[in-house]
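Here are some notes for a first look at this structure. Please keep the model open while reading.

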Amino acid sequence: MIGEQGLQRAGEVRIEQLKLINSADEVIDLSEFIVELNLYEDLFKNYLHGNIVITDSRNLIDKFNIHGEEFLNVKLRTPSFPDSEVIEKTFRVFKLTDRTIVRDTNSQNFVLHFISVEFFYDVNLPLFAPFEGTITDVAGRIFSDFLATSRNYSISESNNEIKENPRPTELIIINEASNKVKFISPGWSPLKCINWLASKAIPKDGVAKNFIFFESNKNFYFGTLENLFRDAHENKNYFGRYLISASNVRDDKNSQNVIRELFLAKDVEMVETTDYIKNYTNGYLGNRLIYLDVFNKEYQLIDYDHTENYEKQFHSSGKGNEAKPVFNRDTFKNFATNISFYPKNPKLFDNYQDNINEKMGEIHGNRLSSMLELTNIKMNMTVPGRTDAEVGRIIYFEYPSLGAKDGSDTGSTAQDKLYSGYYLITAIHHKVSKLEHQMVMEVIKDSLYVDQESTIKA
C-alpha cells in the first residue's frame, strides 16, 4: 500500500538495519560503510543472493575477523510502507572479494557476497529417503523438514542483542497439485527434490503444467504461473501500471507527484522477441514423447500440439480465446523435430493410483510448451525501487505507440496494441545506496493481444 506521508521522492529508501554477525557473535553495523547493496531475486532460481560493496577506514576485516562465513541482517523500507511491505531477511555471507587498498594504505574497499541461509542447508543435506503423497504435500513436507529455518535474526538497536526469530521460513502454496508421487530420493538435495516435483505436477484448478518453486524477498512459493495470470485478471491483483514518461513533472503548485513518479520506467529494452526458427525446433509449437513401458515391452507415441491447446490455458494477456498467441493458428510444425523419451513401469507400485510414473504422457508436452512460451517476449526496465515489489507479481505496462500523435489520440490508441498489457516480473535487481533504491526488472509476457477497452480501465 502506497502512502505519500513520509515519502519525499520516488526511490527513497531507509536502511533500517544492515548488520554483520561474525563467528564470535559480535555485531558490526555496516550502514555507515556501505557504498551499494545489490540484491537479486529470480523466478527461476530457488533462493536470493547479492553483494554489498564496503568502503572501510577502520580495518573491519582484521578487527572483527571477517573472512566470508558471517550472517548479514538486512532490513530495508520504503518510507511510509508498513512492516508487511519491507525487505527483511538474514543472509549467509559466503565469500569476500575485490579487496583493494586506497588512500595511502589508510582505507580499503571490499565486497561481501551473501545468499539465503536455506541454500546452505540445501548443499549440505543430500536426501536418501522415501516420500509418498500428493505432490504439493510432499513438496511442503520436504521444505518444512529440511529447509525451513527460524534463523532470521533480530538485533536490538540499543545493545546489539541477537535473538532468533521463532517463526520459521514459510512456503506459500499458490495452488494444489492433483496427482501423487511415491519415490526414494537418490541423494538429491531438498531443492532438487522440490524442483523435480514441480516438473511432474498436474494442477487441480488449471490446464498448464507450469508449476515452479521460487523465493522472493517475502516468502518461498510453489504453484503454477497460470494461476498467477488468472489471479491478476480475475481479481485485479496486479502490482501497478507503469509507463514511459517524463519524470520530475510538477503540478500548478510546483509540487512533485511522488506516486506518479513511482510508476515511471526508463531504460526500457526489449531483450528478447519471438524466434520462429527456435520455436519450430525446440518443441514449443509441438513435440513428441516416446513413452516406454518397460514391464510390457511396449511403447507409445504421444504428440502434443500447442497450437490446438493454447486456448484452453490462461495466459498473461487473459483467457486463451482472448490472448493473441505469437504464432498463427495454421503455423508449420513437425512433432518429430523435438523427441523425448520417458520410461514407465505400471507394476512398480501396485495399487498406487495417479503416480507421476503413469502421468508423464499428460504432463510432458504441456509443460515443455508452457515453459518455452515464457521465453518469447522479454523486457528489462529500470524503475524507482520500492520494498513491496517481488518476483512473481504482475504489472501492467503501457508500451508506447511510436510515431507522430495528434489531438485525436486517446490513452488507448497511444499504447502499442501488441506489446502493451500485463507482464510477469521474473527477476529484480535491487540497487540500494544510502540515498536511493532502484530496481532493474526483467518482465515477460507470453501472448500479444489484450482487450484494450477493458484493460485500459483496470
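1. Two strands pair if DSSP finds at least two bridges between them. Helices (H or I, at least four residues) and strands (E, at least two) are DSSP runs, numbered from the N terminus.

2. A word on the source. This is a predicted model, where local features need pLDDT of at least 70, side-chain atom pairs count only at pLDDT 80 or more, and totals for chains, interfaces and linings use all residues. Residues are numbered from 1 along each chain as its sequence is written, and side-chain values use heavy atoms, with hydrogens and water left out.

3. Now the wider pairing. β11 runs parallel to strand β14 (residues 220–224), and three bridges join the two. Strands of a sheet pair through backbone hydrogen bonds, either parallel or antiparallel.

4. Which order do the strands of the open sheet take? The order is β11-β14-β13, three strands with mixed pairing. β11 (171–173) and β13 (211–215) are the edge strands; each has a single partner strand, so one side of each lacks a neighbour in the sheet. On average, neighbouring strands here are turned by 15° against each other, direction ignored.

5. α5 lies across β13 and β14 and runs at about 90° to β14. Contact means heavy atoms within 4.5 Å. Axes are lines fitted to C-alpha atoms, for helices over the stretch in contact, and angles run from 0 to 180 degrees between N-to-C directions.

6. On a 1 Å grid over the protein atoms alone, a cavity is a set of points where a 1.4 Å probe fits but cannot get out, and a pocket is an open set with protein on both sides within 12 Å along at least five of seven lines; lining residues have an atom within 4 Å of a point. Grid points are joined across faces, edges and corners, and a volume is the space filled by probe spheres set on the points. The count is one cavity of 30 Å³ or more. The largest cavity holds about 40 Å³. α5 (225–234) and β19 (314–315) each give two or more residues to its lining. Glu226, Phe229, Phe314 and His315 are among the lining residues.

7. Last, the open space. The largest pocket has a volume of about 430 Å³. Its lining counts 22 residues, with Glu88, Lys89, Asn152, Arg167 and Lys218 nearest the centre. β6 gives the most to this lining, three residues.
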